[in-house]
Amino acid sequence: MSQTQSGFTKQTARNMFYGGSVFFALLFAVIVFDTEQRIPERSNAQAITPAVVAGKKIWETRNCIGCHTLLGEGAYFAPELGNVYKRRGGDFIKAWMQAQPTGAPHRRQMPQFDLNEQQLNDLVEFLKWTGEINTEKWPPNIEG
């Protein structure tokens with residue numbers, strides 16, 4: 001008397017594994033391709049000017065990312081600055097930079113970088129450009 005097997009066999013399990021692996025690999029490839037196609041329209045690269053490049057250099061050489069986050073990347077010691085231009089505007093950013101450190105007791109203090117007017121303008125242009133990148137509403141809170 002032969003007994004019929006029911007349920008999963010090793011061959012069925014193997015086929016499901018390979019089939020699922022191929023399906024999800026293809027799905028991943030489609031998602032990556034779609035994302036790569038959308039980068040140019042979201043990156044705001046067409047708005048990069050010499051002032052934006054100079055502002056980014058100031059951002060990097062002063063190690064701003066050591067305290068701040070920018071588009072979610074960086075340290076969490078100080079506020080997110082990806083949308084600071086939208087929140088506060090260029091004049092506020094320049095005045096804030098010039099007023100540091102504030103000396104307010106029991107508060108984190110930002111160092112004084114002694115930036116000249118052109119450097120401040122370039123930094124503001126960089127932060128303005130950053131705020132115009134399509135981040136699909138990230139961060140979700142306008143205050144960063």
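In this predicted model, helix 4 and helix 5 lie oblique to each other, because their axes cross at roughly 130°. The crossing of this pair is right-handed. On the helix 4 side, the contact involves Gly-90, Ile-93, Lys-94, Met-97 and Gln-98, while helix 5 brings Glu-117, Leu-120, Asn-121, Leu-123, Val-124 and Leu-127.

From helix 2 come Ala-51, Val-52, Ala-54, Gly-55, Lys-56, Ile-58 and Trp-59, which touch Gln-119, Asp-122, Leu-123, Glu-125, Phe-126, Leu-127 and Trp-129 of helix 5.

Here are both pairs side by side:

| Helix pair | Axes come within | Crossing angle | Residues in the contact |
|---|---|---|---|
| Helix 4 and helix 5 | 10 Å | roughly 130° | 6 nonpolar, 3 polar, 2 charged |
| Helix 2 and helix 5 | 7 Å | roughly 100° | 9 nonpolar, 2 polar, 3 charged |

In soluble globular proteins, nonpolar side chains tend to be buried together. The largest nonpolar core in this model holds 18 residues, and Trp-59, Met-97, Leu-123, Phe-126 and Leu-127 have the most contacts inside it. Helix 2 (50-61), helix 4 (90-98) and helix 5 (117-131) each give two or more residues to this core. Which helix provides the largest share? That is helix 5, with 6 residues.

Definitions and conventions. Residues numbered from 1 in each chain as written. Predicted model: local features only at pLDDT ≥ 70, side-chain atom pairs only at ≥ 80, totals over all residues. Heavy atoms only, no water. Core = buried A, V, L, I, M, F, W, Y, C linked by side-chain atoms within 4.5 Å. Buried < 20%, exposed > 50% of the residue type's maximum accessible area, 1.4 Å probe, protein only. Helix = DSSP H or I, 4+ residues; strand = E, 2+ residues; numbered from the N terminus. Axes fitted to C-alpha atoms, helices over the stretch in contact; angles between N-to-C directions. Parallel < 35°, antiparallel > 145°, perpendicular 65-115°, else oblique. Left-handed = near helix turned anticlockwise from the far one by under 90°. Contact = heavy atoms within 4.5 Å. Nonpolar A, V, L, I, M, F, W, Y, C, P; charged D, E, K, R; others polar.
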